[in-house]
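Visitor: Could you take me through a close look at a single part of this structure, contact by contact?

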Amino acid sequence: AGDRCARKNTTGWNQLYIHEMKPPVALIELAFIDNTQDAELLRTRRQDFAQAIADAIVAYFETE
């Protein structure tokens with residue numbers, strides 16, 4: 001519908017904005033890197049972080 005969707009070209013890129021959506025949103029902070037050990041965790045345990053995020057998403061939708 002014209003009132004729920006708008007296409008704008010303000011930056012040279014075509015962008016499509018869809019209004020009146022209320023999708024679930026999450027802001028995920030994996031680590032606060034203030035030392036080399038935290039940086040190393042992000043480098044070496046990517047799969048663990050990805051699995052934890054996936055598990056949380058599944059758990060959220062199972063309770064909906």
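Guide: Pro24 touches Tyr60 and Phe61, where residues up to four places away in sequence are not counted and contact means heavy atoms within 4.5 Å. This is a predicted model, in which local features need pLDDT of at least 70 and side-chain atom pairs count only at pLDDT 80 or more, while totals for chains, interfaces and linings use all residues. Residues are numbered from 1 along each chain as its sequence is written, and side-chain values use heavy atoms, with hydrogens and water left out.

Pro24 sits in the loop between strand S2 (15-18) and helix H1 (36-44), helices (H or I, at least four residues) and strands (E, at least two) being DSSP runs numbered from the N terminus. Between Pro24 and Phe61 there are 37 residues in sequence and 9.8 Å in space, C-alpha to C-alpha. Pro24 counts as partly exposed because its relative accessibility is 48%, given that buried means under 20% relative accessible area, exposed over 50% and partly exposed in between (1.4 Å probe, protein chains only).

The structure holds one aromatic pair. Tyr60 and Phe61 form this pair, which is edge-to-face, with 5.1 Å centre to centre and 85° between the planes; rings of Phe, Tyr and Trp (its six-membered ring) pair if their centres lie within 6.5 Å, and planes under 30 degrees apart count as stacked, over 60 as edge-to-face and the rest as tilted. Tyr60, at 39% relative accessibility, is therefore partly exposed. Ile57, which lies in helix H2 (residues 46-62), is likewise partly exposed, with a relative accessible area of 46%.
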